[in-house]
Every structure is written in structure tokens, then in C-alpha cells.
Amino acid sequence: MDKISFTLAEQDIPAVISISLAIIGFIAFWFIAESPQRKASFDQKYSEEKATVLWVQFQKYTGVLFLGIIPLVICLITLPFSLTELGLGFHHTGTSMLWICGLSCIIFPLNISAAKRPQNLSMYPMIRAKVWDSKLIAINALATISYLFAYELLFRGILLTACVYSLGVWPAIVINVALYSAVHLPKGPAETIGALPFGLLICYITLTTGTIWVAVVIHIILSLSNDYLALHYNPEMKVKTRS
């Protein structure tokens, strides 16, 4: 057996750092944003309605910090990538718009059929308020958009870019999709399995367009349409309209 070398080659550094950022970021996010003790403190301090609104905001903005801001700062300091190289530039705008429009036409019918299922209604929208007004709808949208931007920046920006640079396209895609699917495990088998083809497609789109914006917009459309369809179908929730 050949002697194993533990020397870290210069080209391997981006992959090692980006994978470490993804894993450590999610560990920190999970233990802070899913802490039962911290959730109980919200429930004790605020009314039921206010607690659920503040708790979900806390969760999503914690994700923005540990999945977006901190990894981006570390990446820009330690790795040889610009914001444009991390997918934040605008390239192939026409192709990107075609992807967004085409996938939206698939997402909406699928979400309409899936949103009314009991399992989906038990999880979404994450804010379990009984009465929603325009302010709460906007609060939910802003938190979701911020979180998903950070989420896609980490997965399809930092992680995918760094792993392609170090390992090549297909190893980078396999690592990306595997980690992406794994973080969906707490949401059940349907979302975990669904993350495999969705993650593969989004990686392909990101690499061929050179931008994460298709992934960001599609993920936002997927999430918010599911939220508000579930709100519509949930018999225990209603939207307050102005008289």
C-alpha cells in the first residue's frame, strides 16, 4: 500500500474551506435556530401569535448570518474568488429568464396539488399565526427571501464554485447535491428525496449561466408559493382583508 500523504495541496484549499463553512455553518444554525430552550423562551415572553412570528424571523435571520454573511466574509478573505465569480454577477440574462419562466410553470401546478396535503399544512407556513394581514405576509416574504438568498449563496455560490475549482465539475455537483439533500432530512423523506433532482438541476443551471440568480429566484418562488397556498388551504388560518 502506498504511503498516504496528508499534505494539503494549494488547489484543494478552496474545497476544504467551502465544505467546512457549509458544515460548520449549518451546525451553528441548527443548534441556535432549532434550540427547544430558546423556542420556549419566546413562548414564555410573548403571546402565542407574536411568539410564532418572532421565532420564525429569528430562525431565518440566524440562517442569513451563519449561512450567508459569515461564510461570504470568510470566503472573500481566504479564497481567490470575486463576488462575480461566486455567482453574484448577471450573465446570460435571456437564458436565465427562460429558466425562471419555464420552471415557474412547473412549480405552480405542483405546489397547488401538494400544498393542501395534511403533512404540508402541518409544516407550512412556518409562522403558525391564525390571522394574517398584509404586514405579516410582507414580514414572512422578507424573512424568506433573505434566508433563501443566503442559502443559495452558500450552496450554489461559495460551495459549488470552490469545489469546481478544486475538484472538477462532477465531484463538485455530487458533493453539493449530497449536502443539500442531507440538510433536508429534518423535513421528512419527501423533501429529502425531492432535493436530489432539484439540487442537480439548480447546479446545472448555475454552472451553465454563471450566476446564482436563477437558483435564488426559483427557490423563492417555490417557497413563497407553497407558503401562501398552504395558508389559503389551511382551515385554521385566514387572511384578514380591509373592510
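**Aromatic pairs and helix packing**

Tutor: F81 has a relative accessible area of 9% and is therefore buried (buried means under 20% relative accessible area, exposed over 50% and partly exposed in between, with a 1.4 Å probe and protein chains only). The model is a predicted one, in which local features need pLDDT of at least 70 and side-chain atom pairs count only at pLDDT 80 or more, while totals for chains, interfaces and linings use all residues. Residues are numbered from 1 along each chain as its sequence is written, and side-chain values use heavy atoms, with hydrogens and water left out.

Y165 is partly exposed, at a relative accessible area of 42%. Rings of Phe, Tyr and Trp (its six-membered ring) pair if their centres lie within 6.5 Å, and planes under 30 degrees apart count as stacked, over 60 as edge-to-face and the rest as tilted. The count of aromatic pairs by this rule is 18. In one of them, the ring centres of F81 and Y165 are 5.4 Å apart and the planes stand at 85°, so this pair is edge-to-face. It joins distant parts of the chain, 84 residues apart: F81 lies in the loop between α3 (48-78) and α4 (84-88), and Y165 in helix α7. Helices here are DSSP runs (H or I, at least four residues), numbered from the N terminus.

Y151 and Y180 are edge-to-face as well, because their ring centres are 6.0 Å apart and their planes are at 70°. This pair also links distant parts of the chain, with Y151 in helix α7 and Y180 in helix α8, 29 residues apart. Y151 is buried at 5% relative accessibility, and Y180 is buried at 2%. Both belong to one aromatic cluster, together with F26, F29, Y147, F155 and F198.

Two packed helices are described by the angle between their axes and the distance between the axes. Axes are lines fitted to C-alpha atoms, for helices over the stretch in contact, and angles run from 0 to 180 degrees between N-to-C directions. Helix α7 (residues 134-167) packs with helix α8 (residues 169-182) at about 150°, their axes being 8 Å apart. Hence α7 is roughly antiparallel to α8 (angles under 35 degrees count as roughly parallel, over 145 as roughly antiparallel, 65 to 115 as roughly perpendicular and the rest as oblique). Where α7 and α8 meet, α7 contributes residues including Y151, F155, L159 and C163, and α8 residues including A172, I175, L179 and Y180. By class, the residues of this contact are 14 nonpolar, 1 polar and 1 charged (Ala, Val, Leu, Ile, Met, Phe, Trp, Tyr, Cys and Pro count as nonpolar, Asp, Glu, Lys and Arg as charged, and the others, Gly among them, as polar).

C163, in helix α7, has a relative accessible area of 0% and is buried. Leaving aside neighbours within four places in sequence, C163 is in contact with A15, S18, I19, G168, A172 and I175 (contact means heavy atoms within 4.5 Å). C163 lies 14 Å from Y204, C-alpha to C-alpha, and 41 residues away in sequence. Y204 in α9 is in turn among the residues where α5 and α9 meet.

How values were computed: Helix = DSSP H or I, 4+ residues; strand = E, 2+ residues; numbered from the N terminus.
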